[in-house]
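The sequence and structure come first, then my notes.

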Amino acid sequence: MYTSFYQLIDFHSFYDMYYKIFESLGLSSSASWMSYLAAGGSLSFLAINLLVLATAFYTWFERRTIARFQVRRGPNRNGPFGLGQPFADVIKLIMKEDTIPTEADKPVFTIAPIALLAPTLLIITVIPIDDASFLATLNIGILFIVGITSVNSIAIFMAGWGSRNKYAILGSMRGAAMLISYEIPMALGITSVLLISGSLAMTEIVAKQDIWFIVVMPMGFFVFMAAATAEMSRTPFDQIEAESELGSGYNTEFSGIKFAILFLAEFMAPIVTSAVVTTLFLGGSQGFDFLPGQAWFVLKMFVVIFILLWIRSTWPRLRIDQIMGFAWKILMELGFVNIFLIAIEVAVLMDPVTGLLTSQDLLIMAAINWVFTILTLVFLANLLGKRNYDRPDPVPSPLANMQPKGEK
Amino acid sequence: MISQGIASSLTVEISFWVISISTILSAIAVVQIKDLFRASLFLILTFLGVAGLFILLGAEFLAGIQLMIYVGAISVLIIFAILMTREIEISNQSHYMRILVSMVALGFMLLAISLITSTDWNLIDSRSFPQNQTDEIIATVQNSIPTLSKMLLTEYVLAFEMVGVLLLAAVLGALALVREKK
């Protein structure tokens, strides 16, 4: 009963509308492919502009929320509650001079921001905001997302290499190493979802969540969230930028509209990631009847975004070796253990004839997994926390030996 | 699913020509461009084009894997290797045996084309089947991942395990190469 608005922005209804228009213009022979292109084009236009607007308001939300965490007010001068701030920022960025360094690799430097933004925009096409996705209901939905995300590291390489700046190259080398490392735990977290859902299609994953997967496998959720935070290179893991160490990392040389696009891609990532998390772990558009599915989806996205902001404003930045160690020594192992556990549970509990898991099976799995997760995390915390006591004795500074002999 | 339902043959044809021509042009650019970094970027474009061709063939899973492995992993490896090479600006020069090499490459291309055209591809022509069987075939093709994984773990399990052992050996070899000597 609430789907009437959604059916308005649906590929089929757009296609039918354009088909009628082209037919009335007397182009019935080529109407089918022309309306196919026109429907795709206008839906892409809608999706991109909605996302850009959402990103603008997201930057406002992020700055205000982090300001609250840090006991200050945040942007509150332009418009009511400072809501005009993102637009003022965008106008300022566009009016700035767009400089390109003389030594830069100009085409690579120019394409890099676009190459960083495009994958983020592509991900949103396969996310089922209600029963179907915006543009394409792919059979390989989640695999498409993993594949598209991996293009990011190349875009960061292009930005770093194109600017011919050693800090930029250092930032992009670190960034690429980090992004590749964290792709593995992210894929492991996704695999544990796929073991239960039995399908790569996003709509199927949502349909299988009689009990939300965050309840069924908290460990998978933890691994995926940590890896996704690193993939976005946000604060505990923001070695790509590292203002205090690398200037500003890969975007040191960017200015004007190019910097605006990099900024856009960076701040669009949390929105897209929270949409993916909502689909994979929080039951997508499922909810109670008094609100339509899209509203539930947006609400859950909002909660995830807030948790991401909470993480960002609470933790300090990790060192690059700590980041890599966390990926390879902790997250990957947790991911493997989680997959192993869930595979055993699925093999035991699944109905061999129909290949389905009832919600009762899911509840049993949830009970086992919660106990297991809490035990593992307590064990890990003890293991890692103990290291604090075993610190080596402080080495005296070499300068200590250089004092003149007469003194002391 | 939507695309297969609505897309007319002309749309598919236009996308095929656009994708294949850009793939071939970027493949030529990989070997012709002097700047190694740009050449590697064109290589990535070639990989993306191949993924697009897979999608046009209805092999979505292969396209996703192509994106993940070739675009996401192998090309990053190549770029890392390039960044660690000395004198990047003057490399990718033409070799003194380039005529011989191009002859050999041409021979390989002709061989590949003749193999592709002479192979019996076991294609299914949906028009020659009755309606109920066509639906079944389309369902199998559209949901190819369970079929593929079942084949991998039953009929081709030996090859699958061999690949796993090979990758493990490669990882161990890399570790042995970079191990600190004591």
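How many residues does the contact take from chain B and from chain A? I note before answering that this is a predicted model. The contact takes 28 residues from chain A and 26 residues from chain B.

I then looked up where the chain B side comes from. In chain B, α1 (2-6), α2 (9-32), α3 (36-56) and α4 (60-83) each supply at least two residues of the side that touches chain A. The largest share of that side comes from α4(B), with 11 residues. I sorted the side of chain B that touches chain A by class and got 16 nonpolar, 8 polar and 2 charged residues.

At 1.5 Å a residue, the 21 residues of α5(B) should span 30 Å, and the end C-alpha atoms are 30 Å apart, which agrees. Is α5(B) largely in the open or buried? Of its 21 residues the number buried is 0, so α5(B) lies largely in the open.

Next entry: chain A as a whole. I find 16 helices and 0 strands in chain A. Of its 408 residues, 42% count as buried. I also looked at contacts in chain A between residues at least 6 apart in sequence, and 75% of these join residues at least 24 apart.

Next entry: helix pairs in chain A. Two packed helices are described by the angle between their axes and the distance between the axes. I took helix α3 (residues 31-69) and helix α4 (residues 85-95) of chain A, which pack at an angle of about 115° with their axes 8 Å apart. Angles of 65 to 115 degrees count as roughly perpendicular, and α3(A) and α4(A) are therefore roughly perpendicular to each other. The crossing in which α3(A) passes α4(A) is right-handed.

Which residues meet there, between α3(A) and α4(A)? From α3(A) I list A:A56, A:F57, A:T59 and A:W60, and these meet A:Q85, A:P86, A:F87 and A:V90 in α4(A). By class, the residues of this contact are 6 nonpolar, 2 polar and no charged.

The second pair was helix α8 (residues 166-197) and helix α15 (residues 320-349) of chain A, whose axes come within 9 Å and cross at roughly 15°. That makes α8(A) roughly parallel to α15(A). I noted the crossing of α8(A) and α15(A) as left-handed. Their contact has 20 nonpolar, 6 polar and 1 charged residues.

Last entry: two single residues. I found A:N76 in the loop between α3 and α4 of chain A. With 14 C-beta neighbours inside 10 Å, A:N76 counts as partly exposed. Leaving out residues up to four places away in sequence, A:N76 touches A:F81 and A:G82. From A:N76 to A:I190 I read 114 residues in sequence and 40 Å in space, C-alpha to C-alpha.

A:V108 is found in helix α5 (residues 106-123) of chain A. Does A:V108 count as buried or exposed? With 21 C-beta neighbours inside 10 Å, A:V108 counts as buried. What does A:V108 touch, not counting residues up to four places away in sequence? I list A:M158, A:W161 and A:G162 from chain A, and B:R38 and B:L41 from chain B. A:V108 and A:V303 are 195 residues apart in sequence and 37 Å apart in space, C-alpha to C-alpha.

Notes: Residues numbered from 1 in each chain as written. Chains lettered and ligands numbered in written order. Predicted model: local features only at pLDDT ≥ 70, side-chain atom pairs only at ≥ 80, totals over all residues. Contact = placed C-beta atoms within 7 Å. Helix = DSSP H or I, 4+ residues; strand = E, 2+ residues; numbered from the N terminus. Nonpolar A, V, L, I, M, F, W, Y, C, P; charged D, E, K, R; others polar. Axes fitted to C-alpha atoms, helices over the stretch in contact; angles between N-to-C directions. Parallel < 35°, antiparallel > 145°, perpendicular 65-115°, else oblique. Left-handed = near helix turned anticlockwise from the far one by under 90°. Buried ≥ 20, exposed ≤ 12 C-beta atoms within 10 Å, placed from the backbone. Expected span 1.5 Å × (residues − 1).
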